Amino acid sequence: MLDIKFLTLLLIALPILSSIIAGFSPIFKLKRSYVHIISILLMLFCFFVATDLMFIATNINTKNNIFLFNWMTSGSFSFDIGFLIDRLSVSMLLVVSFISLMVHIYSVAYMKSDSKDYRFFAYISGFTAAMILLILANNFLLLFFAWEFVGLFSYLLIGYWFSKEYAVYASLKAFIVNRIADTFFIIAIAFILYYFHSLQYDIVFNKVFSVSHQNVNLFDHSFSVVSVICLLLFIGAMGKSAQMPFHIWLPDSMAGPTPISALIHAATMVTAGVYLLARCSYLFEYSDSILNFILIIGATTALFCGLLAIVTDDIKKVIAYSTLSQLGYMVAASGVSAYNIAIFHLFTHACFKALLFLAAGAIIVAQNGEKNINKMSSSLYKKMPITYICFVIGLLALIAIPPFSGFYSKDSILLAIRESRLHAAFYADICLFLGVAVTACYSIRLLLKVFHNNIKTDYQIQGDIKLMLLPLILLALAAIFSGILLVKPLVYAKSNFFAKSILILSSYHNSLISMRHNFNSILYMSLEYFTSYTVIFTIIGIVVAYILVYKKYNYCTNSFLVKTLYKQYGFDYLTKNISKNILKLSNFLFRSIDIKILDKFMIDGGANIITKFSKIISRIHSGFLDRYILFIVLGVIMLAIILYIK
């Protein structure tokens, strides 16, 4: 067995090496094909290393803190750089490396027309390295550095086509929104350092109980220190996982190449927030108020972002809003302390959502860049049968139809929330069950609009999509079998798979769900689905989608609800107006205070006064002796008068 430290360093080194080789390939004068082969091979090795670490962590089931070096010492504080290997981290590593490998293979065909795609491969490999570093960090300092590197690479990837104004706008929007949330993350780390005197996970988590009794005074009110830290951490997670109201950046990020949507917005970057919640469960479990808040935000995002997909006609944006909705399910699960189920849904979602994004990319390439689902070629399912089958598999997993993977994870989330005793559980239960109908509605609408369009055209398949089929097939297999294979060990096993990585203190208990399901037969769980309320909501969503597409039901565009949906609840309008007013205020302050007061009266004004005074004084120095004598006499007279008055 290879050394864990060596494997961990190798895991990070491989994508970094891939990024360097791809980025400097013009200097090395490497052919494009060599860059593609090297990048794919290095990511394949990365996946193998992650798999090896998974087997090691599963068998050992202990936390392995790997110390690398001391970065800085300040007084009594020591900032060390190291890695944490446990079941939670290696499970995430396996998903990230697998999805990244699929995206690398897919991108060779998708970026075929881009002669400078070496930059693209450098970015996605660098992003993978940053995400791996984020997962492996064993302290909040390294976590934050990796967190920011992930944001940087996402900015570069979203704005990859920087010649397009919309892509530049989208990348800047994503960057700014995430930086706003990251500000709260920094403050949370400052609180942790101040109250725990360390940033190491193990030290912080071991001190939580003692610190949980301390309060901090903010705005003339006393709050629990742990609650304040948890709130700040969660706001930071909301930015990465695009929870309302920080969701506004993700739909616009579809301006980037489609493989980026699969990598960043399905399986890695947006799930970093969910991973943070699970990793910091030792903190969140000591604050029921924040858990209620997390549950409300997650449930609200799951329902209301799903509704936006119903009125969206861009194929990638429909899937993007679906991602927002499913992230809401994960966050809601974390809110009821079902962190293991949230991670389980993260795994299944990564497979079927990456599948949907990559299938959408193949469709866009085949349609010569067309993204509007109302303009797709007729009978597309006949022209792209493999892509069609894979797309249907992804949608069935998304809708949570058994035995596809999404069913097992989403059904477990619904059950966990139903059993929760949190005050917000009732609200979340309503939102998530309605979300089931909404998911079915926009998914079936998307399928019918894209593959069963009644528009008669002679449009032919434009691109060669054969090279894109391998990742689609592999992801389709994962979307079918991952739920069946993982549901028992991750959710319903007698001992929690993440027991030494995640702390659960509140009302959610695995034993309650274990009593509900008889795992002598997986079929039992599927049969139970067809007798539950979930199937009713799914059928309602399918019927509504059929009416909207085939009955050609026109939206009441003048209605308040539809207007609100088209305007995305006004969040974009609100943020744009806020930014405009801030710009106006800054311009006013700049012009009024800086230019008119500071510059004109103080800086330039002082210089002007001295200049004018010097000009007056210079006139006195005329060079005529009689004038000098006159000034001397006048001066003596004035001095005498002053002395006489005193």
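**Close-up views of a predicted model**

**Cysteine 280 is a buried residue.** Its relative accessible area is 0%, where buried means under 20%, exposed over 50% and partly exposed in between (1.4 Å probe, protein chains only). This is a predicted model, in which local features need pLDDT of at least 70, side-chain atom pairs count only at pLDDT 80 or more, and totals for chains, interfaces and linings use all residues. Residues are numbered from 1 along each chain as its sequence is written, and side-chain values use heavy atoms, with hydrogens and water left out.

**The structure holds zero disulfides.** A disulfide is counted when a pair of cysteine sulfur atoms lies within 2.5 Å. Cysteine 280 is in no disulfide, and the nearest cysteine sulfur, that of cysteine 230, is 7.9 Å away. Cysteine 351 is buried as well, with a relative accessible area of 10%.

**Helix α4 (residues 87-110) packs against helix α13 (residues 272-279).** The angle is about 165° and the axes are 11 Å apart; axes are lines fitted to C-alpha atoms, for helices over the stretch in contact, and angles run from 0 to 180 degrees between N-to-C directions. α4 is therefore roughly antiparallel to α13 (under 35 degrees is roughly parallel, over 145 roughly antiparallel, 65 to 115 roughly perpendicular and the rest oblique). Leu88, Ser89 and Met92 of α4 meet Tyr275, Ala278 and Arg279 of α13, contact being heavy atoms within 4.5 Å. By class, this contact has four nonpolar, one polar and one charged residues. Ala, Val, Leu, Ile, Met, Phe, Trp, Tyr, Cys and Pro count as nonpolar, Asp, Glu, Lys and Arg as charged, and the others, Gly among them, as polar.

**Helix α16 (residues 315-335) packs against helix α20 (residues 405-419).** Their axes are 10 Å apart, at an angle of about 40°, and α16 and α20 are therefore oblique to each other. From α16, the contact takes in Gln326, Tyr329, Ala332 and Ala333; from α20, Lys410, Ile413, Leu414 and Ile417. Six of the contact residues are nonpolar, one is polar and one is charged.

**The protein as a whole comes to 28 helices and four strands.** Helices (H or I, at least four residues) and strands (E, at least two) are DSSP runs, numbered from the N terminus. Of the 646 residues, 56% are buried. Among contacts with a separation of 6 or more, 79% come from residues 24 or more positions apart.
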